[in-house]
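Here is a short briefing for a first look. Keep the sequence and the 3D view side by side as you read.

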Amino acid sequence: MDWLNTIIRTFFDFGAMAEVLPQLLAVGLLNTLIISIAATIIGLVLGMIVAVMGISPSRWLRIPARIYTDLFRGLPAILTILLIGQGFARFSQSIFGPSPYPLGIIALSLIASAYIGEIFRAGIQSVDKGQGEACRALGMSYAKSMALVVVPQGIRRVLPALVNQFIAIVKDSSLVYFLGLLVSERELFRVGQDAAVLSGNLSPLVLAGIFYLVITVPLTHLVNYFDNRFRTGRRRPAAPSSGLKEVKELDAASPLITGSNT
Amino acid sequence: MSLASNTANPAASQSHTFQGSSLELKNLTMAYGDIEVLRNVSLTVAPGTTTCIIGPSGSGKSTLLRGVNRLHEPKSGDVLLAGKSALKVKPDLLRARIGMVFQHFNLFPDHTALENVALALWSVKGMSKAEARERARRSLAEVGLAERADHRPRDLSGGQQQRVAIARALAMEPEVMLFDEATSALDPELVKGVLNLMAGLGKRGMTMLVVTHEMGFARKVADQVVFMDEGEVVESGTPGELFDNPRSERLQRFLSEVL
C-alpha cells in the first residue's frame with residue numbers, strides 16, 4: 001500500500017493542515033471574502049450601469065456599453081488583472097498606498113461588471129414589453145418605468161445567475177496573488193501555496209481548496225433551490241373553484257352597474 | 001348578450017361623474033418602418049361619448065389607439081385632445097391625461113392591486129404615498145375590488161385583474177379612456193362584468209375609444225361605431241347604421257363572420 005501512503009502524505013498530511021488552519025481562517029478566508037464581496041458589490045453597481053446603457057434607446061450609450069462588455073468579457077482574467085494591477089500601480093499608490101490589493105479588487109470588479117451587465121441586460125429584456133408600456137401609458141417617464149417596474153422584475157429573475165457569478169468571482173479572487181500581496185493581505189490560495197512550500201506537500205492547498213468548496217458548494221445548491229422555486233412558482237395547488245362565484249360577487253359589489261342599458 | 005341588469009345600487013352609480021374631453025383624429029397616418037399600417041384616418045369623438053372600433057385583426061385598430069397616446073408616434077396627421085394638438089405636448093404629460101387598458105392587463109406582478117393603482121399616483125401625479133394609497137383604495141372600491149386591495153395579480157382572476165387595470169387608469173382622472181380588446185383574454189363568464197363596468201364609465205361621462213370584438217357591446221353601448229380594415233376607416237356611424245344597414249361589402253362580410 002505504498003501508493004496509498006504517498007497519496008495521504010501528499011494531499012492529506014493532517015499535521016501540515018492543522019498548522020496552516022489558523023492562517024487560512026484568519027487571513028486567507030477573510031481576504032478571499034473581502035475581495036470577492038467588494039468586487040461583487042462594485043461589479044453589481046457597474047454592471048447595472050452597463051446594462052441600462054446597453055438597452056438605452058440612444059446609441060451613444062449603447063455602443064460604449066457594448067465595447068466595455070466585449071473587452072472585459074473577452075480578455076483572460078489574469079491578463080486584465082496584471083494590466084490593471086501593474087499598469088495603474090503608480091496611480092493607485094497616490095490614492096491607496098503601495099498595496100496592490102485595491103487594484104486587484106478593481107480589476108476583478110471590472111471583469112465581473114461585464115458579466116453582471118450581460119446578466120442584468122438579459123433579465124431586464126426578458127420582462128414583458130407590456131410592463132413598460134403600461135407604465136408609459138400612465139404617464140411615467142422611461143427612467144421611472146425602468147427604475148420602478150421593469151428593472152426590479154428583471155433583477156428578481158436573474159438572482160440565480162448572479163449567485164453563479166459570485167461563485168466565479170470567489171474563484172477568480174485567487175488570481176490577485178499575481179500582483180504580489182503583503183503577508184496580511186494573502187487570500188486562501190496564496191496562504192495555502194505558501195504553506196505548501198514550507199510543508200513540502202500539497203495538503204495546505206487541499207485545505208485551501210476545501211475552504212473554497214465550503215463557500216461555493218452551498219451557494220450552488222442555493223442557486224438550484226432558487227431556480228426550482230422560480231420555475232414552479234410559489235402558487236399552491238388550489239381546490240376546484242367556480243368563476244361564477246366571482247360573477248355573483250361582481251353583481252353584488254360593483255356600484256357601477258346601472259341597469260338602464262339592458 | 002344582455003348587459004347590466006342590476007339596479008341594486010342606483011345611488012352609487014350617480015356618485016361620481018367624469019369630465020371627458022373631446023378627441024379628434026385628423027388624417028392620422030402611422031407606420032412601422034416603411035410599412036404604413038394606418039392611412040389617413042379621421043375620426044371625431046364628442047366629449048363623454050363612446051366610440052367602438054371594430055374590424056378584422058391586422059386592420060390597424062390597436063395601432064390607432066397607440067397613436068392617440070403616442071405609445072407609437074404617428075407619422076403624419078394630427079390628434080386633437082380637447083381641441084389642442086396632442087402631438088405638440090410632452091408625451092408623458094399627454095399620457096397622464098389618457099387612460100389605457102390592455103388586452104393582457106399588464107398589471108405589475110410584484111405589486112399588490114393597491115400598489116398597482118397607487119404607483120403612478122405618487123410617481124407621476126406627485127401625491128404623497130399615503131394620499132396615493134387612499135385614492136387607490138377609492139378607485140378599487142369603484143370597480144368592486146375593495147376587498148382584494150392587498151392581493152397580487154396572480155391571486156386574482158382575469159376579470160379581477162382587468163378591473164384593477166381599469167381602476168389604475170381611472171385613478172389618474174383621465175379625460176379619455178382607451179380600451180384595447182380589454183375582454184379578449186378573459187374567461188367567457190367574466191367578460192360581461194368587465195363590459196358592464198366599461199358601459200358604466202361611458203354613462204357617467206367618460207370619453208371612450210374602445211377596440212372590441214364584442215359586437216353586442218358595440219351595438220348597445222357605443223354612440224358611434226367605426227369599422228376598420230387594412231389600415232383605413234371603411235365605414236362609421238351609429239350602431240344602428242352599421243349593424244343593421246352595412247353599406248360596404250367588406251363590413252357585410254365581416255359582420256356575417258362574427259355575428
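In this predicted model, the largest nonpolar core holds 120 residues, and B:L64, B:I166, B:F179 and B:L209 touch the most other members. A nonpolar core is a set of buried Ala, Val, Leu, Ile, Met, Phe, Trp, Tyr and Cys residues joined through side-chain atoms within 4.5 Å. Buried means under 20% relative accessible area, with a 1.4 Å probe and protein chains only.

**Cores**
- Helix α6 (residues 101–125) of chain A gives the most to this core, 13 residues.
- Another core, of 21 residues, lies apart from it; A:L188, A:I215, A:L219 and A:F226 are among its members.

**Around B:L209**
- Contacts (heavy atoms within 4.5 Å) of B:L209 include B:L23, B:L43, B:V45, B:L64 and B:F179, leaving out residues up to four places away in sequence.

**Strand β8 of chain B**
- Strands are DSSP E runs of at least two residues, helices H or I runs of at least four, numbered from the N terminus.
- All five residues of β8(B), 207–211, are buried.
- B:T207, B:L209 and B:V211 cover one side, B:M208 and B:V210 the other.
- In a regular strand, side chains alternate between the two faces of the sheet.

**Neighbouring strands**
- Strands pair if DSSP finds at least two bridges between them.
- β3(B), residues 50–54, pairs in parallel with β8(B) over four bridges.
- β7(B), residues 176–180, runs parallel to β8(B) and is joined by five bridges.
- B:L178 stands opposite B:L209.

**Conventions**
- Residues are numbered from 1 along each chain as its sequence is written, and chains are lettered from A and ligands numbered from 1 in the order written.
- Local features need pLDDT of at least 70, side-chain atom pairs 80 or more, while totals for chains, interfaces and linings use all residues; side-chain values use heavy atoms, without hydrogens and water.

How values were computed. Buried < 20%, exposed > 50% of the residue type's maximum accessible area, 1.4 Å probe, protein only.
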